[in-house]
Amino acid sequence: MRLGWIGLGIMGTPMAGHLRAAGHDLFVATRSKVPPALLEAGAVACADGAEVARRADVIFTMVPDTPDVEKVLFGAGGVAEGLADGGAGKAVVDMSSIAPLPTQDFARRIAALGCDYVDAPVSGGEVGAKAASLTIMAGGSEAAFVRVQPLFALMGRNITHVGAVGAGQITKVANQMIVALNIAAVAEALVFASKAGADPAKVRQALMGGFASSRILEVHGERMIKRTFNPGFRIELHQKDLNLALQGARALGVALPQTAGAAQLMQVCAAHGLAAQDHSALVRALELMGGHEVASA
């Protein structure tokens with residue numbers, strides 16, 4: 001197939017690479033330079049999203065936030081400009097993590113051009129993107145999902161059609177709430193155990209064999225102990241997702257007290273210049289407040 005990809009960051013680059021490795025023609029655009037490895041693999045660099053949309057039949061976007069998606073789709077030189085030039089029948093797949101209501105508006109505007117729209121945010125971070133093991137939660141019509149599902153299978157393993165347009169983004173917000181609360185729980189436990197005098201590495205090892213075991217304890221617990229906070233998923237991006245949850249809660253009239261607490265811990269990190277570190281560095285907020293740093297014995 002002739003595929004397009006816009007947004008070649010930590011996640012987008014390996015995801016697009018899997019599509020090219022499967023033999024699809026790939027037309028790409030990004031704010032900075034296209035990674036040389038993609039060009040060497042045969043990807044074609046385009047001037048902007050409009051050119052990508054003219055040359056590809058399915059266009060993927062993977063950018064940081066709601067305004068970025070809107071700009072990529074509807075700004076000058078955007079995807080909609082290319083679709084308006086005889087692009088009816090094509091499909092746009094947004095794999096960013098953004099707000100559900102604007103997503104529905106974007107879909108209506110793309111549909112007016114005669115094209116399908118699928119929102120398909122992912123979970124699994126940089127590791128999942130590189131391993132093609134992402135969880136993909138998709139919103140859109142059944143026909144549109146069936147059309148792009150084989151492409152999702154090149155990037156992920158757990159692929160679910162959640163419902164209509166916007167349902168994918170709703171699911172991703174829920175995912176980010178659960179992940180944030182798990183990180184906060186692991187961080188609190190390790191800070192407590194370490195300050196009480198136990199070896200946090202051995203505490204984690206013991207807990208991995210019980211009901212407290214989790215993927216967060218396994219991966220991010222190790223990061224907290226070894227102090228490896230190089231970003232797989234940045235705090236500032238997780239903050240954005242939690243803000244979407246809290247904005248939605250206000251609109252729906254529901255309370256999310258634990259999510260609000262996790263968001264505040266991330267804000268403590270951001271206030272101390274840690275926004276670009278991995279979200280496992282949330283533990284730093286608790287360490288700063290407790291005057292104690294988790295470290296292996």
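Predicted model: local features only at pLDDT ≥ 70, side-chain atom pairs only at ≥ 80, totals over all residues.
A crossing of two helices is left-handed if the near helix is turned anticlockwise from the far one by less than a right angle.

**Entry 1**

I looked up how helix H9 (residues 167–195) sits against helix H13 (residues 257–271). Two packed helices are described by the angle between their axes and the distance between the axes. Here the angle is about 65° and the axes are 9 Å apart. Angles of 65 to 115 degrees count as roughly perpendicular, so that is the word for H9 and H13. H9 passes H13 in a left-handed crossing.

Which residues meet where H9 and H13 pack? On the H9 side I found Met177, Ala180, Leu181 and Ala184. Across from them, H13 brings Gln258, Thr259, Ala262, Leu265 and Met266. I sorted the residues of this contact by type and got seven nonpolar, two polar and no charged.

**Entry 2: the cores**

Next I went for the largest nonpolar core, which has 32 residues. Trp5, Met15, Phe60, Met95 and Phe152 have the most contacts inside it. Several elements each supply at least two residues of this core, among them strand E1 (2–6), helix H1 (12–21) and strand E4 (58–61). Which element gives the largest share? That turned out to be H8, with five residues.

There is also a second, separate core of 28 residues, and it includes Val191, Leu217, Leu265 and Ala285. Leu265 was already in my notes, as one of the H13 residues that meet H9.

**Entry 3: two neighbours in sequence**

I clicked on phenylalanine 60 and listed what it touches, leaving out residues up to four places away in sequence. The list includes Leu3, Trp5, Leu19, Val93, Phe152 and Met155.

Is threonine 61 buried or exposed? It counts as buried, because its relative accessibility is 1% and the cut-off for buried is under 20%. With the sequence neighbours left out again, threonine 61 touches Ile6, Val72, Leu73, Val93, Asp94, Met95 and Ser96.

**Entry 4: a residue on the outside**

Lysine 71 lies in helix H4 (residues 66–74). Its relative accessible area is 65%, so I wrote it down as exposed. I also checked lysine 71 against glycine 49: they are 22 residues apart in sequence and 9.7 Å apart in space, C-alpha to C-alpha.

**Entry 5: helix H14**

In helix H14 (residues 283–290) I found Val283, Arg284, Ala285, Leu286 and Glu287 buried. What covers the buried residues of H14? The cover includes H9, helix H11 (215–226) and H13.

**Entry 6: positive phi without glycine**

I then looked at residues other than glycine with a positive phi. Alanine 132 has a phi near 55°. Alanine 132 lies in the loop between helix H7 (125–131) and E8, and it is buried, with a relative accessible area of 17%.

Arginine 227 has a positive phi too, of about 65°, although it is not a glycine. Arginine 227 is found in the loop between H11 and helix H12 (235–252). Its relative accessibility is 25%, so it counts as partly exposed.

Conventions
Residues numbered from 1 in each chain as written. Heavy atoms only, no water. Axes fitted to C-alpha atoms, helices over the stretch in contact; angles between N-to-C directions. Helix = DSSP H or I, 4+ residues; strand = E, 2+ residues; numbered from the N terminus. Parallel < 35°, antiparallel > 145°, perpendicular 65-115°, else oblique. Contact = heavy atoms within 4.5 Å. Nonpolar A, V, L, I, M, F, W, Y, C, P; charged D, E, K, R; others polar. Core = buried A, V, L, I, M, F, W, Y, C linked by side-chain atoms within 4.5 Å. Buried < 20%, exposed > 50% of the residue type's maximum accessible area, 1.4 Å probe, protein only.
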